[in-house]
Amino acid sequence: MDLFPYASFRPFQKEVYDTVYNGLREGKTVLINAPTGLGKTAAVLTAAVRYLLETDTPIHYVVRTRTELEPPVRELSKILARGVYLDYVVIKSRQDMCCYPQLKKLNYPEFLAECNLLKRMGRCAYYPPKEAEAPLKSVSTYVKYLCASQSCPYEYAKRKMKDAKLVISTYYYIFGKERADVGGRVVIVDEAHSLFDAVVHIHSISLSEADLRAAYREAKKYGFLEEASKLYRLLTFIKRSSGSVDIGDVLGLVADIDLDTAIWEITKRKTEERVNPYTPLLLVKELREALRERLRYYGEVKGESSTKTLVLYPLDPAALIKESLRGAKSVVYISGTLPISLFAESLGVFNYVKLDISFSDFIPRQNYVSIIDVGVTTKFEERDEEMYLRIAQRIATAINLSPGGVLAMFPSYEVMRGVRKYLKISIPHWYEGSQEVEWDTAEKFFIGAVARGRYVEGVEYVRDGKNLLTFVVVVGVPYPEPSPYLDKRVEMLKPRLREKAWNAVYLYHAVVSVRQAIGRLFRSPQDRGVVAFLDRRYAEPELWNELRDILTGSVIVNHLEEAERLITEFFTSATTVSR
Ligand code: SF4
């Protein structure tokens, strides 16, 4: 049976399909870097389903966020429409799948307490879940169908997950605390470039002064005076601290608090009082349990007086990823912006097969102009008002020359603020922050984005299928701001990666961010545009090597204005070359 759900393969789609299928047959780790717009989800999923049908090996497909569940669900439904029968499950957060709209408005810990209470008291109309055959068209129809069948979608999916042949879930169900057993399964990790950050996010723990004050008040109110005084000691510690803290000190403060008895009793009393049984003592318990695990954490206190928060970050996300994937038959990592060798080195994966479809393989060279402006840099030592003014002049040139939308990605808010002072923009424009962008009403507009922010991650600047951007300006090099936490991670990697440890933490993020920004402009081989790199470091070997597929053929100038003729000619010769 031909499983591929389309009439024919697009350019490179067959290569993706073959690499995944052959890699799975050989039991290898597979790394796929293939630009957005190529159709890699359909190709990867079809190859994996073929392997499943031939070998009966179950598959678990994970995506970073709930919105990213839609593409694999859509492709799977098309594969199933070709006459395939297999038992599938889609799972995301319990609150997102809950059938009671009013519970979705609660904060998560309160929601969880309410859900557990309803289940315990037999007052949830959807629990226990009933048997149902939920059809798969989209995630929302899947959830609605189950609710209409009086079956809690989350509990239904949780129950079926162990035996299902194909699971599609968010990262949490493999990389989170309640992780599924992936022993003997094929795991497909989508958006793999963001895996390290996502795992750090999932395993980070924070406890604010407000949380702790609420826990202290509650312990006191319900008569747990000894516990209350210990919580007060922890609160005082957080109030007095700033920056890095010793994890041993934190553990010393929480180790002997009898949280279990207090939580049990408070929950019981609140249930009797008919109020939401959530207690903030649960947050302290989560913190204590995390510290008791084998994981190594870095701890710091952030914020100003009375709004301080203690945050713990895991120091070795690669170890967490490997632990979560232990026993998997094969793992397929896919992304549109994956620096394959940096990723593999950081994760400590050596025996793998790969397919690296570069930017220049996918986008015809005639469809873009790349320019490196060596007259500016955002190197920390050279950041001053004069430099910000020079960068603003270059961005103004880009805006003047571009016929459509211009996206400028800054390495940090600090640089964006510095440059913004000197930019006078008369077209519609937005800067990263709290504003909602409404670019779809304007022909020409300007977006000031910050690396790893929401204007460059997963946003489509598209109207009626047409990309509205024509110019991307990469301001400086988007290395993450140096921090004691990231420096500790570099230290941890040094025994394994030696001089490459810094690259695995800092360079990796910079390269992924640059590719993300450029990916906003090029969603398909038909897109055309100009990319300007405003930093002389792009002409130096370290960045050149990592971005050579984009940078090769770049015009090097001292000021973007020098490339005015080239840019104007490019935009006036409107010929688009297709693959
Ligand atoms: S069991 Fe399911 S439907 Fe019932 S409250 Fe909990 S999440 Fe909502």
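Student: How much area is buried between domain 2 and domain 3?

Tutor: About 420 Å², and carbon and sulfur atoms give 74% of that area. Buried area here is the accessible area (1.4 Å probe) that two parts lose on being put together, summed over both. This is a predicted model: local features need pLDDT of at least 70, side-chain atom pairs count only at pLDDT 80 or more, and totals for chains, interfaces and linings use all residues. Residues are numbered from 1 along each chain as its sequence is written, and side-chain values use heavy atoms, with hydrogens and water left out.

Student: Which residues in domain 2 lose the most area to domain 3?

Tutor: R296, Y298 and P314. Together they make up 77% of what the domain 2 side buries.

Student: Where do the domains run in the chain?

Tutor: Domain 1 covers 13-202 + 317-356, domain 2 covers 204-314, and domain 3 covers 363-572. The bounds come from an automatic or database domain assignment.

Student: How far apart are the C-alpha centres of domain 2 and domain 3?

Tutor: They lie 41 Å apart.

Student: And how many residues are in contact there?

Tutor: 5 residues of domain 2 are in contact with 5 residues of domain 3. Contact means heavy atoms within 4.5 Å.

Student: How many salt bridges across that interface?

Tutor: The rule finds 0 between domain 2 and domain 3. It asks for a side-chain nitrogen of Lys or Arg within 4 Å of a carboxyl oxygen of Asp or Glu.

Student: What kinds of residues does domain 2 put on the side that touches domain 3?

Tutor: That side has 3 nonpolar, 1 polar and 1 charged. Ala, Val, Leu, Ile, Met, Phe, Trp, Tyr, Cys and Pro count as nonpolar, Asp, Glu, Lys and Arg as charged, and the others, Gly among them, as polar.

Student: New topic. Which residues surround the ligand?

Tutor: R94, C98, C99, Y100, L103, F111, C115, K119, C124, Y126 and C152. Each has a heavy atom within 4 Å of the ligand. The shell divides into 9 nonpolar, no polar and 2 charged.

Student: Which helix gives the largest share of that shell?

Tutor: Helix 5 (residues 108-120), with 3 residues. Helices (H or I, at least four residues) are DSSP runs, numbered from the N terminus.

Student: Where is the cis peptide bond?

Tutor: It joins Y127 and P128, with omega about 0 degrees. P128 is in the loop between helix 5 and helix 6 (139-148).

Conventions
Helices (H or I, at least four residues) and strands (E, at least two) are DSSP runs, numbered from the N terminus.
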